[in-house]
Amino acid sequence: MADFAQAQKLVYLVTGGCGFLGEHVVRMLLQREPRLRELRIFDLHLGSWLEELKTGTVQVTAIQGDVTQADEVAAAMAGAHVVIHTAGLVDVFGRASPETIHEVNVQGTQNVIEACVQTGTQFLVYTSSMEVVGPNIKGHPFYRGNEDTPYEAVHRHPYPCSKALAEQLVLEANGREVHGGLPLVTCALRPTGIYGEGHQIMRDIYHQGLRLGGRLFRAIPASVEHGRVYVGNVAWMHVLVARELEQRAALMGGQVYFCYDKSPYKSYEDFNMEFLGPCGLRLVGTRPLLPYWLLMLLAVLNALLQWLLRPLLLYAPLLNPYTLAMANTTFTVSTNKAQRHFGYEPLFSWEESRTRTILWMQAKDSVAQ
Ligand SMILES: NC(=O)C1=CN([C@@H]2O[C@H](COP(=O)(O)OP(=O)(O)OC[C@H]3O[C@@H](n4cnc5c(N)ncnc54)[C@H](O)[C@@H]3O)[C@@H](O)[C@H]2O)C=CC1
Ligand SMILES: C[C@H](CCCC(C)(C)O)[C@H]1CC[C@H]2[C@@H]3[C@H](O)CC4=CC(=O)CC[C@]4(C)[C@H]3CC[C@]12C
């Protein structure tokens, strides 16, 4: 018992710990990081589920705070050994202003870095995104690429721009001296489209299908491949990176890693049907029912309507020129860098990831009825 208590010595802070990915990271740390003494969960909105975590041997501290407020971040971080920074504004639908997206994703990340330096927190794991690379504004395909594949990463949309800037800040901060004289060790993880329990966009698409009488209409050619990764595996990668950063600082510091697993390469819509199909939805058409130019016209109309209605209400449908371009551009990764650098293997097989996601969809579904 005494040995166990001694082994529990580390303090971790997870920003955005109540979000879709953040909750999985928090639960994974509690299950798979035996050296944890205290887990701090920092988020703008705290979930009531945190209460159930407070009964174990690890001290769970919930901190309601805003990453854009430097003093709040520094106060939360004092005495922490590792910070996993997943907090972010994920908005490709025009819900938030570009300024707000920048403030949360870029200034928020800068605040986390400065807090590390100020308080002496030596290890920083940043949740970046595949969007830092692409798809780019030219719609160039990225086919089974890896971290070293050349690609023209040019963006205009506020979300990928903010993630790219924030990632750059994190990587440049690697090696900075933190309070106490030790070097900061940072690295960035780039998930592709994450799916799994808690995935709100999947729920939105499901409800859209229900409104259309249990049908979805194919909009994107089945040949366009989209990278997807299960949330449990993304969380596992964060936990492993955080664990290995100290021992492998020279190799891993300042590095980027795509998050990958064995999820199949499919189009965005065909992949979603792996879960929506067993929930009773049908994808109509083997080819897109509308030509691309017409879809783009509808997407532009949506953007126009959003702009016109903005003074009155928030109109933010799934279809806009950016999301259409995203869904219609092949972007898949094939890499083993995480395996080579820190021994990552997916914790959940594709079959398990699929089953867990379906069970979550079905459970949610029965609650909703
Ligand atoms: N969902 C996806 O497919 C992907 C997400 N990512 C990245 O993963 C991270 C997590 O994304 P999700 O879990 O999907 O999003 P989410 O919206 O579910 O979670 C983000 C969390 O950050 C918190 N947050 C937002 N603004 C904050 C602020 N100012 N201060 C403190 N907390 C704040 C939110 O309350 C939320 O709990 C983000 O950084 C995102 O860019 C990367 C690739 C793919
Ligand atoms: C909502 C899009 C699908 C719309 C289908 C249509 C056009 C028929 O209505 C989603 C297609 C691709 C998604 C994005 C992608 O998975 C990569 C992402 C990475 C992130 O870091 C955040 C989320 C996202 C931007 C994701 C968002 C939804 C799509 C645009």
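How many nonpolar, polar and charged residues does the lining of the largest cavity have? The lining divides into four nonpolar, three polar and no charged residues, where Ala, Val, Leu, Ile, Met, Phe, Trp, Tyr, Cys and Pro count as nonpolar, Asp, Glu, Lys and Arg as charged, and the others, Gly among them, as polar.

The structure is a predicted model, in which local features need pLDDT of at least 70, side-chain atom pairs count only at pLDDT 80 or more, and totals for chains, interfaces and linings use all residues. Residues are numbered from 1 along each chain as its sequence is written, chains are lettered from A and ligands numbered from 1 in the order in which they are written, and side-chain values use heavy atoms, with hydrogens and water left out.

**View 1. The largest cavity, with a volume of about 30 Å³.** Phe93, Asn302, Ala303, Gln306, Pro317, Leu319 and Asn320 form its lining. On a 1 Å grid over the protein atoms alone, a cavity is a set of points where a 1.4 Å probe fits but cannot get out, and lining residues have an atom within 4 Å of a point. Grid points are joined across faces, edges and corners, and a volume is the space filled by probe spheres set on the points. The count is one cavity of 30 Å³ or more.

**View 2. The second largest pocket, with a volume of about 400 Å³.** Among the 16 residues that line this pocket, Glu23, His24, Arg27, Glu197 and Arg356 are the closest to its centre. A pocket is an open set of grid points with protein on both sides within 12 Å along at least five of seven lines. Helix H2 (residues 20-32) provides the largest share of the lining, seven residues; helices (H or I, at least four residues) and strands (E, at least two) are DSSP runs, numbered from the N terminus. By class, the lining has six nonpolar, five polar and five charged residues.

**View 3. The salt bridge between Arg27 and Glu23.** The closest N and O atoms of this pair are 3.0 Å apart. Because Arg27 and Glu23 are four residues apart in helix H2, about one helical turn separates them. Side chains of opposite charge can pair when their charged atoms come close. With a salt bridge taken as a side-chain nitrogen of Lys or Arg within 4 Å of a carboxyl oxygen of Asp or Glu, the count comes to 16.

**View 4. The surroundings of ligand 1.** The shell has 25 residues, the closest being Leu21, Asp43, Asp66, Tyr159 and Lys163; a residue belongs to it if one of its heavy atoms lies within 4 Å of the ligand. Polar contacts are pairs of N or O atoms within 3.5 Å. A nitrogen atom of ligand 1 is 2.8 Å from an N or O atom in the side chain of Asp66, and an oxygen atom of ligand 1 is 2.8 Å from an N or O atom in the side chain of Lys163. A backbone N or O atom of Gly19 lies 3.1 Å from an oxygen atom of ligand 1. Taken alone, ligand 1 exposes 820 Å², of which the protein buries 85%; accessible areas come from the Shrake-Rupley method with a 1.4 Å probe.

View 5. Oxygen atoms of ligand 2 lie 2.7 Å from a polar side-chain atom of Ser129 and 2.6 Å from one of Tyr159.

Key:
A polar contact is a pair of N or O atoms within 3.5 Å; within protein, one must be able to donate a hydrogen and the other to accept it, and residues adjacent in sequence count only if both atoms are side-chain atoms.
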